[in-house]
Amino acid sequence: MDFYLTAILQGFCFSGIALGIFISMKIFNIPDITTDGSYTLGAVFTAIVLMHHISTFIALPLVIIVGALSGALTGFIHTKLKINALLAGILVMYSLYSVNLTLMGRSNLPLINVPGIFNVLNLSNNANLNSFFILFTFVVLIALIIGFLLKTDFGIAMRATGDSETMIRSLGVNTDRMKIIGLALANSLTALSGYLVSQYQGFTDINMGIGIVIVGLGSVIIAETFINFFNITSVWLSLGLVLLGAVIFQLVLAITLDLGVDANLLKLVTAVFVLVVIIIPRLKFNSLTKF
Amino acid sequence: MIGIHNLYKSFNQGKANQINAINGISLNVNAEEFLVIVGSNGSGKSTLLDLIAGSILPEKGKIEIDCLDVTNYHDYKRSEWIARVFQNPFSGTASQLSILDNFRLAAIRTQPKRLSIGINLSFKNKVKEKISLLGMGLENKIEQPIGSLSGGQRQALTLLMSIMDDCKVLLLDEPTAALDPRSSALIMQTADLLIKNFKLTAVLITHNLKDAFNYGNRIILMNEGQIMKDFDANQKKALSQTDLYNWFA
């Protein structure tokens with residue numbers, strides 16, 4: 001059972017990535033893969049701050065800021081230098097690898113005996129439950145913040161930017177600026193996941209971000225399947241489903257491992273799973289239209 | 001209201017396929033004037049409208065709105081004065097957002113989009129009241145995504161959205177081109193009514209010569225990026241529909 005609880009906790013840790021991808025991919029319609037770099041960047045900053053025995057609560061805003069900066073950089077390259085968004089993201093993600101490695105000085109930083117958030121906050125004597133409470137609080141807080149943001153006038157303008165650029169420009173919104181802010185927001189959430197994961201697993205590794213974008217994509221696609229199936233328009237429900245998607249995604253991986261699938265094949269299994277989730281609703285739709 | 005001085009715009013400059021879309025146009029549109037622009041495809045009508053709106057910037061020349069030089073202002077800055085209705089209903093509204101959200105954005109067109117929630121009960125009622133003017137029964141569907149509506153309904157809402165916030169200039173870029181005859185008539189009547197009631201300065205591009213004949217108090221014929229004919233209110237009244245057809249003969 002602990003095995004599955006860990007999967008749920010991991011899902012909570014990845015809620016930042018899930019919401020980040022939701023913002024960049026679904027709200028702004030931009031395929032942003034800065035994620036791999038900004039996630040590790042968040043973890044690297046967390047490790048460095050903690051290793052200097054500085055409070056984890058100082059690491060938190062710092063991580064959000066550096067994540068936002070990396071996203072803003074991708075946004076700047078995409079909008080101002082007119083580079084394809086995918087390429088802009090790849091370039092930033094690729095260069096962040098060097099930045100991360102330089103900051104770390106070596107490829108792995110263990111976070112043993114440092115005051116991480118799961119040691120500082122004690123909400124329960126049971127370590128797993130303690131993590132659960134802390135992570136759950138994080139998930140609820142960021143969901144509330146993002147949900148509120150999307151409901152504000154600024155948030156409606158954000159949603160319109162990905163929907164109809166001509167319309168929102170004619171209504172007085174600088175879409176370039178909006179996209180830069182959006183990508184900054186998405187990547188600060190991603191970096192937040194790096195912050196949580198590094199402390200949860202107790203180390204930061206230079207390779208921890210490789211392919212992590214698929215975790216976000218998978219979560220959003222799972223959510224999208226529900227959203228389309230039940231015709232959901234509510235912002236709050238959509239956000240909730242994305243967060244649920246992050247947990248389901250980790251649970252599916254846990255089940256696969258539990259079934260005895262070789263851990264080396266995990267990335268392959270993950271990719272196939274994402275593919276299947278995308279295809280299933282279409283199959284159903286096709287068979288319905290045939291009759 | 002709109003002053004255009006010696007305006008030039010070309011595309012693919014310096015290449016073999018260079019197009020001189022606008023060739024030295026000067027034009028003054030007075031306040032509360034309803035200007036109709038006609039011309040064949042490629043005559044530069046849409047480019048002129050895009051230049052006025054600021055979605056493209058000119059190579060040479062000057063554009064003034066309300067006596068202010070806005071030549072280098074982008075479209076999102078000129079929205080302080082200008083509201084637009086596009087040829088494609090999808091361009092003027094955000095499909096995935098609700099009618100209410102679309103109207104909220106339109107209601108703050110000239111204002112900064114703040115980090116506060118602007119949709120409250122009184123705003124909802126205001127939107128319902130405005131939409132009921134159309135008589136389409138859409139006032140009970142304001143929570144629906146606007147993408148679920150027909151093209152005609154969307155164009156009608158886009159028109160209405162233009163007067164949700166302070167508006168001086170209304171640009172209509174073939175607003176009925178994608179619509180059936182009944183919706184077209186309704187859109188043109190609504191536009192005409194709004195322009196009169198709210199004392200707007202309006203520019204309409206159309207291929208529909210009947211609309212060009214029926215609406216507006218000034219008409220311009222464009223060809224190859226230049227103004228070929230310019231008839232004021234009295235001259236336009238004296239025109240017959242056949243005269244208009246003959247312009248294209």
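Modeller: In this predicted model, chain B has 10 helices and 10 strands. Its radius of gyration is 18 Å, and the globule rule gives 18 Å for 249 residues, so chain B is as compact as a globular protein of that length. Along the principal axes, the C-alpha atoms of chain B fill a box of roughly 50 × 40 × 35 Å.

Now the packing. Of the 249 residues in chain B, 52% count as buried. Take the contacts in chain B between residues at least 6 apart in sequence: 68% of them join residues at least 24 apart.

Next, the surface. Chain B exposes about 11300 Å². Carbon and sulfur atoms supply 46% of that area. As for charge, chain B carries 27 positive and 24 negative charges.

B:C67 is accordingly in no disulfide. Its nearest cysteine sulfur belongs to B:C167 and is 17 Å away; a disulfide would need the two sulfur atoms within 2.5 Å. B:C67 has 75% relative accessibility, so it counts as exposed, the cut-off being over 50%. The relative accessibility of A:C13 is 1%, so it counts as buried; the cut-off here is under 20%.

How values were computed: Residues numbered from 1 in each chain as written. Chains lettered and ligands numbered in written order. Predicted model: local features only at pLDDT ≥ 70, side-chain atom pairs only at ≥ 80, totals over all residues. Heavy atoms only, no water. Helix = DSSP H or I, 4+ residues; strand = E, 2+ residues; numbered from the N terminus. Rg over C-alpha atoms; globule rule 2.2 N^0.38 Å. Buried < 20%, exposed > 50% of the residue type's maximum accessible area, 1.4 Å probe, protein only. Contact = heavy atoms within 4.5 Å. Areas by Shrake-Rupley, 256 points an atom, 1.4 Å probe, with all protein chains shown as cover. Lys, Arg positive; Asp, Glu negative; His and termini not counted. Charge placed at Lys NZ, Arg CZ, Asp CG, Glu CD.
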